[in-house]
Amino acid sequence: MSTSAQPESLDPTESVRQHAFYEDVLALVMGTALVALGLTFYAKCSLGTGGIAGVALLGQYATGIGFGTIFFAINLPFYILAVRRMGWPYTLRTFAAVALVSVLAMLTPRWIEIGGLNPVYAAIIGGALIGVGLLILFRHRAGLGGVNILAVYLQDNHGIRAGYFQLGVDILILVASFFVLPWQNVLYSLAGAVVLNMILAINHRPGRYLGMS
């Protein structure tokens, strides 16, 4: 099974390293915790983001239904593509990651109390937290479903950078945010999306990491 980035070392004699099981588990926990924290920043300031997480946030703002419930439900159809194109190991890791984010997104606001949060700071740092969390998940052959599954598949099979693909999709989703959020919040959200996806575009590419799950 191919990895999400074809690794190559500066030393041609160095081989790809297999992640240990405990490393994959730690990556799932830490990656999803960072994503959930970033989403908590976004929800606090009524910001949007891209991907299925962005759709779930908009659903929460519009309906009052919890983010975790919407996020988990919307992702269910995408597992069919994940099984067919990415294999069962990737699908199971992604299912676990989606479930963890759904739960942690509900629990994180109970664990931390945010008295005041500047929306510009929330957009940039929240986007960075989500981007680093996704980077960890991608490097351990997991994602957060939906657009992430398509992004990793396209990078594996067609050489399209996952970060750039997601940036295009995210912009389309954030444009839809104008119907739900104040225009200033949408602009802040766009800045966060750029930060998030540049982290992926710069770091998630062949030759930047030796390791596979």
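**Exercise 1. Find where G133 lies and decide whether this residue is buried or exposed.**

Step 1: Locate the residue. G133 is part of helix α6 (residues 119-139); helices here are DSSP runs of H or I with at least four residues, numbered from the N terminus.

Step 2: Check the cover. The relative accessible area of G133 is 0%, so G133 is buried (buried means under 20%, exposed over 50%, partly exposed in between, with a 1.4 Å probe and protein chains only).

Step 3: Look for partners. Leaving out neighbours within four places in sequence, G133 is in contact with G31, L34 and V35 (contact means heavy atoms within 4.5 Å). G133 and L37 are 96 residues apart in sequence, with 9.6 Å from C-alpha to C-alpha.

A word on the model: it is predicted, with local features needing pLDDT of at least 70 and side-chain atom pairs pLDDT 80 or more, while totals for chains, interfaces and linings use all residues. Residues are numbered from 1 along each chain as its sequence is written, and side-chain values use heavy atoms, leaving out hydrogens and water.

**Exercise 2. Work out what the side chain of N75 reaches.**

Step 1: Start with the setting. N75 is found in helix α3 (residues 67-75), and counts as buried because its relative accessibility is 0%.

Step 2: Follow the side chain. It reaches the backbone nitrogen of G146 at 3.1 Å.

Step 3: List the surroundings. Not counting residues up to four places away in sequence, N75 touches I52, V98, L144, G145 and G146.

**Exercise 3. Compare the reach of helix α2 with its expected span.**

Step 1: Take the helix. α2 covers residues 51-63, which is 13 residues.

Step 2: Compare. From first C-alpha to last, α2 reaches 18 Å, close to the 18 Å expected at 1.5 Å a residue (the expected span is 1.5 Å times one less than the number of residues).

Step 3: Buried residues in α2 include I52, A53, L57 and L58. Just after α2, G64 takes a positive phi of about 85 degrees.

**Exercise 4. Describe the chain as a whole.**

Step 1: Count the elements. The protein chain has nine helices and zero strands (strands are DSSP runs of E with at least two residues).

Step 2: Check burial. Of its 213 residues, 48% count as buried.

Step 3: Look at the contacts. Among those between residues at least 6 apart in sequence, 77% join residues at least 24 apart.

Notes
Polar contact = N/O pair within 3.5 Å; in protein donor to acceptor, adjacent residues only side chain to side chain.
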